[in-house]
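Dear colleague,

Please find below the sequence and structure that I am handing over to you. My findings follow directly after them.

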Amino acid sequence: MPEAEAPTAIDPVTALPHVIAPGAMIAPERTALVVVDVQVDFAAPHGVVAGYGADMTESDKAVDHIEELVAAARAAGVTLAFMRVMTRPESDSQALKTWMARRGTPGGEAICRIGSGGEDYWRVAPQPGDIEIAKLAYSSFHGTDLDLQLRARGIDTLVMTGLTTDCCVDSTTRDAFHHGYHTFVVSDACAAAEADLHVHALKAMMQHCSLLTTSAAVVEAWKA
């Protein structure tokens with residue numbers, strides 16, 4: 001039998017509708033750039049995820065774009081908000097531990113442990129005056145004061161970036177929509193462990209709660 005051809009990679013920028021010129025929709029005075037979970041354990045070559053054998057190529061590319069967006073946001077006076085997972089064994093929920101055991105990965109909840117170095121930011125980090133959120137779960141709104149901090153600054157629009165598209169970026173974007181925020185997911189400033197998860201997560205968010213855009217489009221809007 002002939003060998004099956006490898007599936008062709010889907011470029012979300014061409015496959016899915018994107019806002020090419022977000023302009024005033026992401027005006028600096030009412031917009032926050034949200035950086036989700038760009039941490040050692042999720043993004044670094046010596047982190048937990050890479051230790052599982054994951055290909056970090058797409059994550060590296062996403063962080064390249066996040067670095068560009070952080071610089072552009074600072075230059076334009078955009079609020080920056082950095083999310084990160086910070087856990088201890090005693091903070092792991094029973095639901096999480098049971099789910100990990102039932103799926104055949106007992107102990108898999110041990111990630112971004114406080115004091116391990118895995119919880120540290122990777123390549124990008126907050127500065128004084130930025131919003132910082134420590135979280136236990138996927139959504140950056142769950143059990144945190146993110147909503148209060150954003151509203152105190154007059155923010156009604158979030159530009160979403162980070163890791164991973166299908167998990168914490170997705171969960172935070174959906175919760176942002178539920179809290180009444182306008183959201184833009186920067187498709188090339190997010191990544192997932194598998195290409196199809198990235199594309200399908202973007203498509204699902206586009207269908208239900210967010211608009212998609214690119215890092216170049218955001219940088220251009222914030223130059224104006």
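Helices here are DSSP runs of H or I with at least four residues, and they are numbered from the N terminus. Please bear in mind that this is a predicted model.

Helix H1 (12-15), helix H4 (57-76), strand S5 (182-191) and H8 each supply at least two residues of the lining of the second largest pocket. Which element gives the most to that lining? The answer is H4, with 5 residues. By class, the lining of the second largest pocket has 11 nonpolar, 4 polar and 6 charged residues.

The largest pocket contains about 1,100 Å³ of space. Its lining is made up of 33 residues, and Phe42, Met100, Ile111, Tyr138 and Cys167 lie nearest the centre. At least two residues of this lining come from each of helix H5 (94-102) and H7. Sorted by class, the lining of the largest pocket comprises 19 nonpolar, 7 polar and 7 charged residues.

H7 and H8 also pack against each other. Helix H7 (residues 165-178) and helix H8 (residues 195-208) meet at an angle of about 10°, and their axes are 10 Å apart. H7 is therefore roughly parallel to H8. On the H7 side, the contact involves Thr165, Asp166, Val169, Asp170, Thr173, Arg174 and Phe177, while H8 contributes Leu197, His198, Ala201, Leu202, Ala204, Met205 and His208. This contact of H7 with H8 has 7 nonpolar, 4 polar and 3 charged residues.

Most residues other than glycine have a negative phi, and most peptide bonds are trans. The peptide bond from Leu163 to Thr164, however, is cis, with omega near -10°. Thr164 lies in the loop between strand S4 (157-163) and H7. Cys112 is not a glycine, yet its phi is positive, at about 55°. Cys112 sits in the loop between H5 and strand S3 (131-135).

Finally, a note on annotation. An unreviewed UniProt entry places the feature "domain: Isochorismatase-like" at residues 31-216. That span is 40% helix and 20% strand, and its end C-alpha atoms lie 17 Å apart.

Yours sincerely

Key: Residues are numbered from 1 along each chain as its sequence is written. This is a predicted model: local features need pLDDT of at least 70, side-chain atom pairs count only at pLDDT 80 or more; totals for chains, interfaces and linings use all residues. Side-chain values use heavy atoms; hydrogens and water are left out. Axes are lines fitted to C-alpha atoms, for helices over the stretch in contact, and angles run from 0 to 180 degrees between N-to-C directions. Angles under 35 degrees count as roughly parallel, over 145 as roughly antiparallel, 65 to 115 as roughly perpendicular and the rest as oblique. Contact means heavy atoms within 4.5 Å. Ala, Val, Leu, Ile, Met, Phe, Trp, Tyr, Cys and Pro count as nonpolar, Asp, Glu, Lys and Arg as charged, and the others, Gly among them, as polar. UniProt positions are given in the numbering used here, feature names are shortened, and annotations may be inferred rather than shown by experiment. On a 1 Å grid over the protein atoms alone, a cavity is a set of points where a 1.4 Å probe fits but cannot get out, and a pocket is an open set with protein on both sides within 12 Å along at least five of seven lines; lining residues have an atom within 4 Å of a point. Grid points are joined across faces, edges and corners, and a volume is the space filled by probe spheres set on the points.
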